[in-house]
Amino acid sequence: LDSPPCPARLEVFSQALLEVVNIFPSYRGVLFAVKSEHDAVVKSLRAAVDAANAVEGRMQVIKAESVSLVGQSTAHFQHVTSAAAARLEELEKLTKEQASAVTKLSAERAEYLDRCLKSEEKAEEMHKHNMVIVRNYHATHEEVQALRKQVHLLEADNKRLHQQKADAEAMVKDKDDKLQEAEKFAKTMVTRKEYNDLHQKLVDQRKLTDDYA
């Protein structure tokens, strides 16, 4: 009697209750009403437990997929960010070198102009060379700006992924709360002691009926 509730025993007791109904025709209406209500509650509880198990399984899958997705996204973001940072550092270094080269060449150009006022052809060549360096400098600067924008976009994308993770965790918590409510509801099933008390009352009623007879 102290063993936990068992669906198989519950089925046996249900059949036994039918036998009791047949034994006591005068109580058939009441006993059938009790049995119908009992069966309806048991069916509802089983449906609730099955639904809760299905939801729990789905939540485990969603949680695993969310963790995997965030891990992959984080790894990808770190890889891209590291590559972009390395490239940005390289380009900034190159920009500084080219800026230094521009400054140096400008000084050399001024020196050559002072020394070679009559050498217009050479001055024109140096000017063209200087313009190429300036264009390269501007192109490098634009590439640096584009990489900075890309870093900002990647940071925004990472923030969005973290928000998705937070939303998925909130969904899992909500489903866990519903599962706990379903488990609390399942604990309200009729216990073996309550069933035995009802059965004993029926036996006592039967004895009283026999005594009057």
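Reader: Which share of the contacts with a separation of 6 or more comes from residues 24 or more positions apart?

Author: In the protein, such residues account for 84% of the contacts with a separation of 6 or more. A contact here means heavy atoms within 4.5 Å. The model is predicted, so to speak of its conventions: local features need pLDDT of at least 70, side-chain atom pairs count only at pLDDT 80 or more, and totals for chains, interfaces and linings use all residues. Residues are numbered from 1 along each chain as its sequence is written, and side-chain values use heavy atoms, with hydrogens and water left out.

Reader: What does the secondary structure come to?

Author: There are four helices and zero strands, and the order from the N terminus is α-α-α-α. Helices (H or I, at least four residues) and strands (E, at least two) are DSSP runs, numbered from the N terminus.

Reader: How many of the residues are buried, as a percentage?

Author: Of the 213 residues in the protein, 20% are buried. Buried means under 20% relative accessible area, exposed over 50%, and partly exposed in between, with a 1.4 Å probe and protein chains only.

Reader: And which residues make up the largest nonpolar core?

Author: That core has six residues: Leu17, Val20, Val21, Phe24, Leu31 and Leu202. Helix 1 (residues 7-23) gives the largest share, three residues. A nonpolar core is a set of buried Ala, Val, Leu, Ile, Met, Phe, Trp, Tyr and Cys residues joined through side-chain atoms within 4.5 Å.

Reader: What does Phe24 touch?

Author: Setting aside residues up to four places away in sequence, Phe24 touches Leu202 and Arg206.

Reader: Now Gln98: buried or exposed?

Author: Gln98 counts as buried because its relative accessibility is 16%. Gln98 belongs to helix 2, and beyond its neighbours within four places in sequence it contacts Ile133, Asn136, Tyr137 and Thr140.

Reader: Changing topic, how many salt bridges does the structure hold?

Author: It holds five. A salt bridge is a side-chain nitrogen of Lys or Arg within 4 Å of a carboxyl oxygen of Asp or Glu. One of them pairs Arg87 with Glu143, whose closest N and O atoms are 3.1 Å apart. That pair links distant parts of the chain, since Arg87 is in helix 2 and Glu143 in helix 3 (residues 120-186), 56 residues apart.

Reader: What about Arg148?

Author: Arg148 forms a salt bridge with Glu92, with 3.1 Å between the closest N and O atoms. Arg148 lies in helix 3 and Glu92 in helix 2, so this pair ties together parts that are 56 residues apart in sequence. Arg148 is partly exposed at 34%, and Glu92 is partly exposed at 29% relative accessibility.

Reader: Where do Asp177 and Lys173 lie?

Author: Both lie in helix 3, four residues apart, about one turn of the helix. Asp177 is partly exposed at 31% relative accessibility, whereas Lys173 is exposed, with a relative accessible area of 53%.

Reader: Last topic, the surface: which residues make the nonpolar patch of about 230 Å²?

Author: Val30, Val34 and Leu198 make it. Patches are made of residues with over 30% relative accessible area and no salt bridge, like charges being joined within 9 Å and nonpolar side chains (Val, Leu, Ile, Met, Phe, Trp, Tyr) within 5 Å. Accessible areas come from the Shrake-Rupley method with a 1.4 Å probe; for residues, only the protein chains shown count as cover.

Reader: Why is Val30 called exposed?

Author: Val30 counts as exposed because its relative accessibility is 55%. Val30 is found in helix 2 (residues 28-115).
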